[in-house]
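Me: I have a structure to read and would like to go through it feature by feature. Please give the general idea each time, then the case at hand.

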Amino acid sequence: LVRVRMPLKANRRAYITLQGVVLGREGGQTEFQLTTWKGGLKQGGVWVPGKKQDEKLGYTGGFRLPGRVEVRYDRLENLYHQDPTTYPVQSIWTHRMGRPAYVEFHFSLTRPAEV
């Protein structure tokens with residue numbers, strides 16, 4: 001539950017930025033419940049709502065939360081690493097900028113991805 005107190009005008013766009021939000025772990029379509037109220041106040045430490053103005057429940061037209069990518073294996077090699085017999089000295093060097101390299105990743109996704 002997030003309670004934001006701010007003035008709103010009819011037919012005027014309002015922007016609200018929430019910080020410190022923790023998103024879901026697995027990803028997927030997001031769903032929001034949004035209710036606007038007029039009035040309302042805190043009495044004796046308890047929030048007493050005012051008059052309900054608008055309400056949208058189960059809203060899924062926002063955004064799709066991407067899933068988690070877990071990299072299980074990664075390798076970066078150059079031509080010398082792939083043939084250490086032919087290039088015994090160069091094969092112990094690190095990767096060189098501007099030179100061709102070969103990369104291999106093994107990863108898993110929590111959401112289906114079209115290829």
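Reply: Start with surface: accessible areas come from the Shrake-Rupley method with a 1.4 Å probe, and for residues only the protein chains shown count as cover. Here the chain exposes about 10,700 Å², of which carbon and sulfur atoms supply 54%. This is a predicted model, in which local features need pLDDT of at least 70 and side-chain atom pairs count only at pLDDT 80 or more, while totals for chains, interfaces and linings use all residues. Residues are numbered from 1 along each chain as its sequence is written, and side-chain values use heavy atoms, with hydrogens and water left out.

Me: How many helices and strands does the chain have?

Reply: Helices (H or I, at least four residues) and strands (E, at least two) are DSSP runs, numbered from the N terminus. The chain has eight strands and one helix, in the sequence order β-β-β-β-β-β-β-α-β. The chain is more spread out than a compact globule, because its radius of gyration is 27 Å, well over the 13 Å that the globule rule gives for 115 residues. That radius is taken over C-alpha atoms, and the rule is 2.2 Å times the number of residues to the power 0.38. The C-alpha trace spans about 80 × 30 × 25 Å along its principal axes.

Me: What percentage of the residues count as buried?

Reply: Buried means under 20% relative accessible area, exposed over 50%, and partly exposed in between (1.4 Å probe, protein chains only). Of the 115 residues, 8% count as buried. Asn11 is exposed, with a relative accessible area of 84%; Asn11 lies in the segment before strand E1 (28–29). The phi of Asn11 is near 60 degrees, a positive value in a residue other than glycine.

Me: Which residues is Ala101 in contact with, leaving aside its neighbours within four places in sequence?

Reply: Contact means heavy atoms within 4.5 Å. With those neighbours set aside, Ala101 is in contact with Leu76, Glu77 and Asn78. Ala101 sits in the loop between helix H1 (79–82) and strand E8 (102–109) and is partly exposed, at 45% relative accessible area.

Me: With which side chain does the side chain of Ser108 make a polar contact?

Reply: A polar contact is a pair of N or O atoms within 3.5 Å; within protein, one must be able to donate a hydrogen and the other to accept it, and residues adjacent in sequence count only if both atoms are side-chain atoms. For Ser108, in strand E8, the partner is the side chain of Arg72, at 3.3 Å.
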